[in-house]
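Here is a friendly briefing on a two-chain model. Please keep the viewer open while you read.

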Amino acid sequence: MRKARQKNGVATRPIVVPRPTPRRFYGHGIPNVDRNRLAGKLIVVEGADGSGRSTQIARLRDWLEGCGHATVQVGLKRSTLVSEELDQAQNGNILSRTTLSLFYATDFADQLENIILPGLKAGFMVLADRYIYTLMARDLVRGMDEAWLKNLYGIALIPDAVFYLNVSPEQLVQRNFSKNQALDYWESGMDLGLSREMFDSFLKYQSLMANQFQRLQSIYGFHIIEGNRSPEQISAELKRKVEAVLTGKREAEPESEAGS
Amino acid sequence: MAKTFAELSFPGRLIAVEGLDGSGKSTQIYLLKRWLEQQGLKVFFSEWNSSDLVKSATSKGKKRELLTPTTFSLIHATDFADRYERQLVPLLRAGYLVLCDRYIFTAFARDTVRGCPPEWVRGLYNFAAHPDLTFFFKAQLEVSLQRILDGRPQLKYFEAGMDMRLSADPYESFRIFQGRILEQYLGMSTEFNFSVIDANQPIESQQSLVRELLMARIDLSLFAAPNVKGVR
């Protein structure tokens, strides 16, 4: 650990300049991108609604900015190009499967080209509130062809780290109710007809999603973060792991919870 | 190689026309439709009206010039998927002869010219079965260009390929763009088994060839419309 020094009563720490690392796309990528000029880091947090994603991203952002890093955030359905239309499509449930899937891919590509890649080029820490994995898992649960999805998302840049906040479906139900009045139609997978009861459907759907994530983990190598803990514990683990990404060194030992 | 609708045992058949703007393909498919209708066949000309959602996104992207080659390709694939799943597949399941003015090959040509990797684009569209018959209207580049540039001098930004910065002059940009698209079409002709029609011939000669080729490939007697009282 670097030492914090006191200077005029203000804690100063040397600001770490992230080590550049070679970058790759999953497939063909985006035409005409100079991969060697992407100085920033791409950090992805994945997990179901209620897994604590937004809380953890907000904490990461505070911490990174405090450490002198500029940040920018992206997430699903946030593109200038199609976010409104995607919202409408979901509310009306009027697009069929392949169409909806390509619509989401358009949303992703728009943010990739207009926020993620320019951000990285400018040396920003790009924090992604979910990435292609959620999109793939949702489609896989709905029986779409995996090879087709892999080709589609061959445009995606390989992130510097992907954290999956793992929370059991039973816990997710509780957290969703403490946050919202009702369960969300899509997060309950109601379009799949798993059960006419939303509660049952939610549990079934979330465990199908968790299975897909486990499978994807073995392909894409996420860090699985145990989400059934306090926000502080999770946050501390994320910081250690992100710090390792920034310095290019191995992760520091946990300070207090070693030997558990 | 992807399968055709016949190979996938659909009762319907899909016939597509491809070619540059101004090659006369729309005229030919219109005449084909008229003829098939007059034979009392179950025919459907797929004029695509994009769903409001996709239309709104596409027009926003075009108006504000937000589209890159990748998002241009994806948003058109979205639109195509919507058309495919909502219109084409149900019609083909219902046993129609479906006529399409442009199909996936338009996207293959256009997106590849814009710099998307051809394998990626083809992969995007591999959910779609191939046409049972594809007519490619091959005209001389100058002839097609002249027809368009004579009749409709206001070229739109993406239509003229202005996003590729080929030339600051929209007309010059359009010429270069169309020339490259033609190259792509010619390259795909054998691979996708296009029936090539010489679009420099008189309209009537082209149409008789189109009808002949269609009859040779598809048993039209299978598509007789049921005689429903009071409908015709």
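Which residues of E3(A) are buried on one side, and which on the other? On one side they are A:Lys41, A:Ile43 and A:Val45, and on the other A:Leu42, A:Val44 and A:Glu46, with both faces covered.

Residues are numbered from 1 along each chain as its sequence is written, and chains are lettered from A and ligands numbered from 1 in the order in which they are written.

**Strand E3 of chain A**

- Strand E3 (residues 41–46) of chain A has six of its six residues buried; strands (E, at least two residues) and helices (H or I, at least four) are DSSP runs, numbered from the N terminus.
- In a regular strand the side chains alternate between the two faces of the sheet.
- E3(A) pairs with E5(A) in the parallel sense over five bridges, where pairing requires that DSSP finds at least two bridges between two strands.
- A:Leu42 stands opposite A:Val126 in E5(A).
- E3(A) also pairs in the parallel sense with strand E6 (residues 161–166) of chain A, over four bridges, and there A:Tyr164 is the bridge partner of A:Glu46.

**Chain A as a whole**

- Chain A holds eight helices and seven strands, and 37% of its 260 residues are buried.
- The mean pLDDT of chain A is 90, and 94% of the residues score at least 70; pLDDT is the predictor's confidence in each residue, from 0 to 100.
- Within chain A, strand E1 (residues 5–7) has the lowest confidence, with a mean of 67, and strand E5 (residues 125–129) the highest, at 98.
- Where pLDDT is low, the predicted coordinates should not be read in detail.

**Chain B and its sheet**

- Chain B has eight helices and five strands, in the sequence pattern β-α-β-α-α-β-α-α-β-α-α-β-α.
- With a radius of gyration of 18 Å, close to the 17 Å from the globule rule for 232 residues, chain B is as compact as a globular protein of that length.
- Buried residues account for 41% of the 232 residues in chain B.
- Five strands form an open sheet in the order E2-E3-E1-E4-E5 (chain B), with parallel pairing.
- At the edges lie strand E2 (43–46) and strand E5 (195–198) of chain B, each pairing on one side only.
- Strand E4 (residues 133–138) of chain B pairs with E5(B) in the parallel sense over four bridges, and B:Phe135 stands opposite B:Ser195 in E5(B).

**Where the chains meet**

- The contact takes 27 residues from chain A and 26 residues from chain B; residues are in contact if their C-beta atoms, placed from the backbone, lie within 7 Å.
- On the side of chain B that touches chain A, helix H2 (52–63), helix H3 (69–93) and helix H5 (118–124) of chain B each give two or more residues.
- H3(B) gives the most to that side, with 11 residues.

Methods:
Predicted model: local features only at pLDDT ≥ 70, side-chain atom pairs only at ≥ 80, totals over all residues. Contact = placed C-beta atoms within 7 Å. Buried ≥ 20, exposed ≤ 12 C-beta atoms within 10 Å, placed from the backbone. Rg over C-alpha atoms; globule rule 2.2 N^0.38 Å.
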